[in-house]
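Try each task before reading its solution.

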Amino acid sequence: MNEKPRQPAEPDPNQPGQTALELINTGAEWLRGTGRACDVVVSSRVRLARNLAGFPFMPRASRVDRQQIVDLCHHKLMEAELADRLLWIDLREVSRLDRNLLVERHLISQAHARGKIGNHSVTGGRTGEDEPRAVAVGLPGERLSIMVNEEDHLRIQVVKSGFALAEALTEIDTIDDRIEARADYAFHPRFGYLTACPTNVGTGIRFGVMLHLPALKLTGDIEKVTRAANDMSLAVRGFYGEGSEPLGDFFQISNQTTLGKSERVLLHDLEHEIIPKVIEYERVSRRQLVERRGEAIADQVHRAMGVLTHARLLATDEATRLLSQLRLGVAMGLIEKVDQQVVHNLMLLVQPAHLQRASGRNMTQAERRIARAELVRNRLAEAVTRRA
Amino acid sequence: MKCACGKNEATIHEIVVVNGIVQEKHLCPECAESEGISPDPHANIASLLAKHAQPAPAGPSVSGPVAPRRPPSVRSVRCSACGTTFSQFKNEGLLGCADCYKAFEFPLGPLLERAHDGATHHVGKIPRRALAASRGGDRPIEALLGSLEERAERLATLRKQIAEAVAAEHYERAARLRDELRSLGSAPSSPGADLPEDRPEA
Ligand SMILES: [Zn+2]
Ligand SMILES: [Zn+2]
């Protein structure tokens, strides 16, 4: 997001907080708000689940096994030239606040932050914040992240701005090859890449497209999208939290099955069958809303801008909801002085860990509301003056 | 279409491939339930396990002596490498190691089929280094791509998918699947041929 980062200094291991600040300052590429179909598509991601041959899977891995896996991966990943610079973060060495920050940036899962094995509860399995685990983040841009010792030994993820699944697949395929050239993966002729959970076995691949669908949400047609997606073995989930009411009209569409369909066929299903239809559906709905309820939509968008630029107290959920409306306004050309990158960055910055990191101190919930409102006011004022 | 019971409308259509033979089943929800077929193809693995992991008749036991009087229940099958039992897997939803897939291949097969829309075999990327090593001769290509029967089944799965794509007039998708079929068909028979996927050489 900024100009080229200065000559990157290795973060002081005694000051792991530096890492978090560095991430906030260099910025993630997927927040740019550019790329194909960026009026509707926020980002495209591809994830691979991989396990190293010769080690037990996480539920049966002892502490010694886990430490060995972390050491091995640290060594192999760092020498594999996977990014301009690969930032290695040992999660035992960073504070809980910074682990939450990594979750908010979609670089690690909630479970990984807490040292749990995916979303599973393993009887007698070792879990806890002290368990050896790590994440490697590709800089600049955070396009690549590799969780080590989450539910599988390796969870490799590539994220891109806009609708770019094919590009993301090409990129992750190369990265996977480079890792595989240095480490044997657990593989079975019938079942493919072996994973701890059998729902991921086969290709181990998960495509995910994050879509902003305010018009379909408003008309209720999102239900139809969900049903159509389910018919193609695709899942539709809200942006934050599983199962709970989605915040801010963001939805992720991802494949549910990983066995029996090649990476390319899955890609084809998403890229040529379902996602373009959803994008078109959302665009048509937006146009119809403008035709039929133009004043009401404009009112909603400008009210959102009004609250965001003047509120003195803002809760996370409220801020996210308003920013979603602002994003719609920007995409529809109703708000011209703000661009999508500003909106996307704010969506991260209003979250608790980011807010506290950005202001440099821990805060109570009440203090956070004040700070959040202030931050949003300042950022939007800055953006407007820059554009003026 | 009526269900096999003749009473109700068939709403659940399952296609099962057994030894390369395609069987179609058209059932009403009740009959599906009694046959142990989930009405929801996307039911998660835990609920699949809860519903279908009842002791199945006569399965090959992985550890222990062959052919005891009473066939051992699937639940007690144990992975000799990591010690995980099938019943443990049933509770946790996670396998303990790579060998668990061999140890539990029998009970796991139908489970994966339900979780993955009827698929029984991997189609797609294969680790390149392992593939290259298999060409050197020290590891037979069968170790990676599976036995002839497994490959035949994989081809059958693809043919079925192609037929479905054509029937639904998804011609572009059918073309992709055909490419897949071709690359699969050529790789196993001639180890010197191109990689199963036309990715550039590293
Ligand atoms: Zn019936
Ligand atoms: Zn095992």
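**Exercise 1. The zinc site**

What is the geometry of the site of the zinc ion (ligand 2), and what angles do its 4 donor atoms make?

Before starting, note that this is a predicted model: local features need pLDDT of at least 70, side-chain atom pairs count only at pLDDT 80 or more, and totals for chains, interfaces and linings use all residues. Residues are numbered from 1 along each chain as its sequence is written, chains are lettered from A and ligands numbered from 1 in the order in which they are written, and side-chain values use heavy atoms, with hydrogens and water left out.

Step 1. Find the donors, that is, N, O and S atoms within 2.8 Å of the metal (3.2 Å for Na, K and Ca); water is not among the atoms, so sites may look incomplete. Here the SG atoms of Cys79(B), Cys82(B), Cys97(B) and Cys100(B) coordinate the zinc ion (ligand 2) at 2.3 to 2.4 Å.

Step 2. Check the angles. Those among the 4 donor atoms are 100 to 124°, and the site is tetrahedral. Four donors count as tetrahedral if all angles lie between 85 and 135 degrees; four count as square planar and six as octahedral if opposite donors are over 155 degrees apart and all others between 65 and 115; anything else is irregular.

Step 3. Read the spacing of the donors along the chain: C-x2-C-x14-C-x2-C. Cys79(B) lies in the loop between α2 (45-52) and α3 (86-92) of chain B, and Cys97(B) in the loop between α3 and α4 (98-103) of chain B, so this pair ties together parts that are 18 residues apart in sequence. Helices (H or I, at least four residues) and strands (E, at least two) are DSSP runs, numbered from the N terminus.

Step 4. Look at accessibility. Buried means under 20% relative accessible area, exposed over 50%, and partly exposed in between (1.4 Å probe, protein chains only). Cys79(B) is buried at 1%, and Cys97(B) is buried at 7%.

**Exercise 2. The sheet of chain A**

In what order do the 8 strands of the open sheet in chain A run, and is the pairing parallel or antiparallel?

Step 1. Trace the order: β2-β3-β4-β5-β1-β8-β10-β9 (chain A), with antiparallel pairing. Two strands pair if DSSP finds at least two bridges between them.

Step 2. Locate the edges. β2 (85-90) and β9 (234-238) of chain A each pair on one side only, and the twist averages 20° from one strand to the next.

Step 3. Follow β8(A) to its partners. β1(A) and β8(A) are joined by 7 bridges, with Leu48(A) opposite Ile205(A). On to β10(A), there are 5 bridges from β8(A), and Gly208(A) faces Ser254(A) there.

Step 4. β9(A) and β10 (residues 250-255) of chain A pair in the antiparallel sense over 5 bridges, and Val236(A) stands opposite Ile253(A).

**Exercise 3. Inside and across the sheet**

Step 1. Count: 8 of the 8 residues of β8(A) are buried, so the strand is largely enclosed by the rest of the structure.

Step 2. Sort them by face. One side holds Ile205(A), Phe207(A), Val209(A) and Leu211(A), the other Arg206(A), Gly208(A), Met210(A) and His212(A). In a regular strand the side chains alternate between the two faces of the sheet.

Step 3. Helix α9 (residues 316-331) of chain A touches β1, β8 and β10 of chain A, and makes about 80° with β8(A). Axes are lines fitted to C-alpha atoms, for helices over the stretch in contact, and angles run from 0 to 180 degrees between N-to-C directions; contact means heavy atoms within 4.5 Å.

**Exercise 4. Where the chains meet**

How many residues does each chain bring to the contact, and what area is buried between chain A and chain B?

Step 1. Chain A brings 51 residues and chain B 50 residues.

Step 2. The buried area is about 4600 Å², with 54% from carbon and sulfur atoms. Buried area is the accessible area (1.4 Å probe) that two parts lose on being put together, summed over both.

Step 3. Arg60(A), Arg190(A) and Pro198(A) supply 16% of the area that chain A buries against chain B, more than any other three residues.
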